[in-house]
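Please open the structure in your viewer and keep the selection tool at hand.

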Amino acid sequence: MSVIAEENVRGGSVFKEINADDEDSQPTEIESLCMNCYQNGMTRILLTKIPFFKEIIVSSFTCPNCSWSNTEIQSAGRIQDQGITYTLNVKSKQNIYAPDPDPEMTTEKYTRTFEQNEDLGLNDMKTEGYQK
């Protein structure tokens, strides 16, 4: 369920399914203020659904004056009221450890660079007070 109700708006649902062949699912263009140079730029917004996932808002801003641009993807669905709990009851002590290694599976150990960690947002994580 989305923040914007699913009833028909102007003859159709607000959130469209992703479809490469659909020419009607074009982004909405809105003239808006550039926060870099304070001139007018263009914001494009597309409300869409990702099948079997959720509804999202894809937006991009470009300024022809200073060439500043920004892109964003935001969740448009609401936070679910309830979650799911999975419980596993083990009735046998026979096979409680991981199975033998699979000879078809390979593992690769590597070290990420500072830039890779920065892209993942790991450099800013608080790690004080955690124990190994």
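A residue is called exposed when its relative accessible area is over 50%, buried when that area is under 20%, and partly exposed in between. Please keep in mind throughout that this is a predicted model.

**First stop: a loop residue**

Select Ser 67, which is found in the loop between E4 and strand E5 (69-75). Is Ser 67 buried or exposed? Its relative accessibility is 63%, and because exposed means over 50%, Ser 67 counts as exposed. Next, inspect the backbone: phi of Ser 67 is near 65 degrees, a positive value in a residue other than glycine.

**Second stop: strand E4**

Now select Phe 61, which belongs to strand E4 (residues 55-62). With a relative accessible area of 8%, Phe 61 is buried.

Select Cys 37 and Cys 63 together. How many disulfides does the structure hold? The number is zero. Cys 37 is in no disulfide, and the nearest cysteine sulfur, that of Cys 63, is 3.6 Å away. Cys 63 is likewise in no disulfide, its nearest cysteine sulfur being that of Cys 37.

Select Leu 33, Met 35 and Tyr 38. These residues make a nonpolar surface patch of about 360 Å². Begin with Met 35, which lies in the loop between strand E2 (28-33) and strand E3 (40-49). Met 35 is exposed, its relative accessible area being 55%. Proceed to Tyr 38, whose place is in the loop between E2 and E3. Tyr 38 counts as exposed at 55% relative accessibility. The backbone of Tyr 38 also deserves a look: this residue has a positive phi of about 60 degrees although it is not a glycine.

Side chains of opposite charge can pair when their charged atoms come close. In this structure the count comes to one salt bridge. Which side chains meet in it? They are those of Arg 44 and Glu 29, with a distance of 3.1 Å from N to O. Arg 44 lies in strand E3 and Glu 29 in strand E2, so the pair ties together parts that are 15 residues apart in sequence. Arg 44 counts as partly exposed, at 29% relative accessibility.

**Last stop: a patch of negative charge**

Finally, select Glu 115, Glu 118, Asp 119 and Asp 124. On the surface, these residues gather in a patch of negative charge. Where is Glu 115 placed? Glu 115 is in helix H1 (residues 114-120). With a relative accessibility of 53%, Glu 115 counts as exposed.

How values were computed. Residues numbered from 1 in each chain as written. Predicted model: local features only at pLDDT ≥ 70, side-chain atom pairs only at ≥ 80, totals over all residues. Heavy atoms only, no water. Patch = residues over 30% accessible without salt bridge, like charges linked within 9 Å, V, L, I, M, F, W, Y side chains within 5 Å. Areas by Shrake-Rupley, 256 points an atom, 1.4 Å probe, with all protein chains shown as cover. Salt bridge = Lys/Arg side-chain N within 4 Å of Asp/Glu carboxyl O. Helix = DSSP H or I, 4+ residues; strand = E, 2+ residues; numbered from the N terminus. Buried < 20%, exposed > 50% of the residue type's maximum accessible area, 1.4 Å probe, protein only. Disulfide = S-S within 2.5 Å. Lys, Arg positive; Asp, Glu negative; His and termini not counted. Charge placed at Lys NZ, Arg CZ, Asp CG, Glu CD.
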